[in-house]
Amino acid sequence: MYNEIMNYKVFLVEDEIITREGIRDNVDWGAAGFEFCGEAPNGEIALPLIEEAKPDVLITDIKMPFMDGLQLSKIVREHMPWIKVIILSGHDEFNYAQSAVKLGITEYLLKPISAGDLKQVLIDLAAKLDQEQQAREKLKKLEHKIENTLALSREKFLLQLVMGGISSVEAFEQSRQLGLALIAKHYLVILIKIELCDEHGPFDYQLYQEVEKIVSEFAGNNLDIFLTKKDFEELVLLMKGESPEQLIQEGAFLGGLLKKEIEKRIDCRAVVALGRPQDRLGNIHRSFAEALAKSKATPPSQTAPPTQSEPVEILKIDHAAIENYLKFGDMQNFEPFFAATIAPAARLSLQSYVMKHYMFVDIILTVAQFISNLGEQAEAFSVDLQKIENTLNDLDNMEKIKAYMQETFATALASRSNQTNRERSRTLQHAKTYLEENFSNPDLKMSRVAELYNITPSYFSTIFSQEMGEPFKDYLAKLRIGHAKELLVTTNLKCATIAYQSGYNDSHYFSFVFKKKTGLSPQKFREQFKENKNVE
């Protein structure tokens, strides 16, 4: 059973403190299969605690001030319907029980109830939770199985379609049943053929899976591209679009991008061949046949073009310039940075969704990596590909792209600034501790402290004054004079000895500084303290 390896959580709401503590302390929660995760005296206080604890079971009294048990149960059932609710009531009244039934309350128990009785109710409830958990897991496995079967059916259908093994009428009907939005004005097929660098090496199934994963990364989120397998060595992409020109451009770009990524990440050679665009679903096999023919005639070092038209210029993103701006730039210089580094690629990306997707994901991942290297928490800049997909649809002109990039880089530079401030604060805190431990050293100098933290003396002086509110020299003198004052009033040491123990080699200079800071000579300060103490 599930509760033998993992306890469920229970939360208690009861306004009478004696009753609440009695239930909390006397029920053997663990033996019932539960963990006591919190308590509250009324529903109003309980709600935020319940949202945070996310219990499996709520035990609540029915009569409480501010928010009673029925009101609390109603809110919990609406917003956290998985929680089982046990009502405790001192009233054996029909209307209370009727209200509880309407709210879907699991148990309605009359007070007083013993710890043993409540434990038995919880044991029975744990068994019910076990059954529900088992049912959910079975359903999840079934859904997974159905999804796998559906995925295989889609792959099989797409392969039949591109190889000409299915009529247009059948294709329309089957695509609808399989949830594939295939209807478009034009179609194009891309064939990706993988050749292992070690031709005599053993068959490597994982390698081919990795290639399929790479292709899915670049094409899987695009609703206009469908992926299937001809065999382990050959993957097929079916693209749909509004015009032949669009498909040629996007197909050439995507093909070049996939070849580059596959050969960069996998020890293999990739042949990427494109067929000509077709204007009918029933003619897709012609595009596939042409791609297949080109794949056999194309050397692994090339990507077969779809037509004799000019090759599409591949987006070139200057990663070095982006990283340099992230490290040393500021938002005042964003305009020239954007114009020189991002705008050229952005203008080209507006011609094709595939290009735009590639450019944005590439830049955003570069920014995310930069922030991660700063040591920021993952939440500081999370990469949600689904959100990126939704955003790309709206970025249809240069002004919108510029605004989006400006916001993205502002986040990164703010993270860099925060990290710098944190490092500066840590450095100064360490320096402060070092001074407190070493101020009695007469040879202590600011240059020595700055050297310890690999900071130039001038920069250290600046940040020290900003952080501490006073110059290094004054701060050190304050530490030394403070120590001297303590020795003057708590010991009978001579002033020369106190001067040395406070960090001064010269007792005359010590007296000068002491009088400047306190208005009294060391001897006068000691005498005045004694006089004040005698008066008291």
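Biologist: Among contacts in the protein chain between residues at least 6 apart in sequence, how many join residues at least 24 apart?

Modeller: Contact here means heavy atoms within 4.5 Å, and of the contacts between residues at least 6 apart in sequence, 69% join residues at least 24 apart. This is a predicted model, in which local features need pLDDT of at least 70 and side-chain atom pairs count only at pLDDT 80 or more, while totals for chains, interfaces and linings use all residues. Residues are numbered from 1 along each chain as its sequence is written, and side-chain values use heavy atoms, with hydrogens and water left out.

Biologist: How many helices and strands does the secondary structure of the protein chain come to?

Modeller: Helices (H or I, at least four residues) and strands (E, at least two) are DSSP runs, numbered from the N terminus, and the protein chain has 21 helices and 10 strands.

Biologist: What angle do the axes of helix 15 and helix 17 make where they cross?

Modeller: Two packed helices are described by the angle between their axes and the distance between the axes. Axes are lines fitted to C-alpha atoms, for helices over the stretch in contact, and angles run from 0 to 180 degrees between N-to-C directions. The axes of helix 15 and helix 17 (residues 457-468) come within 11 Å and cross at roughly 90 degrees. Angles under 35 degrees count as roughly parallel, over 145 as roughly antiparallel, 65 to 115 as roughly perpendicular and the rest as oblique, and helix 15 and helix 17 are therefore roughly perpendicular to each other. Helix 15 makes this contact through Arg424, Ser425, Leu428, Ala431, Lys432 and Leu435, and helix 17 through residues including Tyr459, Phe460 and Ile463. By class, the contact has eight nonpolar, two polar and three charged residues, where Ala, Val, Leu, Ile, Met, Phe, Trp, Tyr, Cys and Pro count as nonpolar, Asp, Glu, Lys and Arg as charged, and the others, Gly among them, as polar.

Biologist: Which residues make the contact of helix 15 with helix 18, and at what angle do the axes of the two helices cross?

Modeller: The axes of helix 15 (residues 398-438) and helix 18 (residues 472-490) come within 10 Å and cross at roughly 40 degrees, and the two helices are therefore oblique to each other. Lys432, Leu435 and Glu436 of helix 15 meet Phe472, Tyr475, Leu476 and Leu479 of helix 18, a contact with five nonpolar, no polar and two charged residues.

Biologist: Is Ser287 buried or exposed?

Modeller: Buried means under 20% relative accessible area, exposed over 50%, and partly exposed in between (1.4 Å probe, protein chains only). Ser287, in helix 10 (residues 284-297), is buried, with a relative accessible area of 1%, and a polar atom of the Ser287 side chain lies 2.9 Å from the backbone nitrogen of Val189. Over the protein chain, buried residues make up 40% of the 536 residues.

Biologist: Which residue other than glycine has a positive phi near 70 degrees, and where does that residue lie?

Modeller: Phe66 has a phi near 70 degrees and lies in the loop between strand 3 (57-61) and helix 4, where Phe66 is exposed, with a relative accessible area of 68%. Asn454 also has a positive phi, of about 55 degrees, although Asn454 is not a glycine, and at 76% relative accessibility Asn454 counts as exposed.

Terms used: A polar contact is a pair of N or O atoms within 3.5 Å; within protein, one must be able to donate a hydrogen and the other to accept it, and residues adjacent in sequence count only if both atoms are side-chain atoms.
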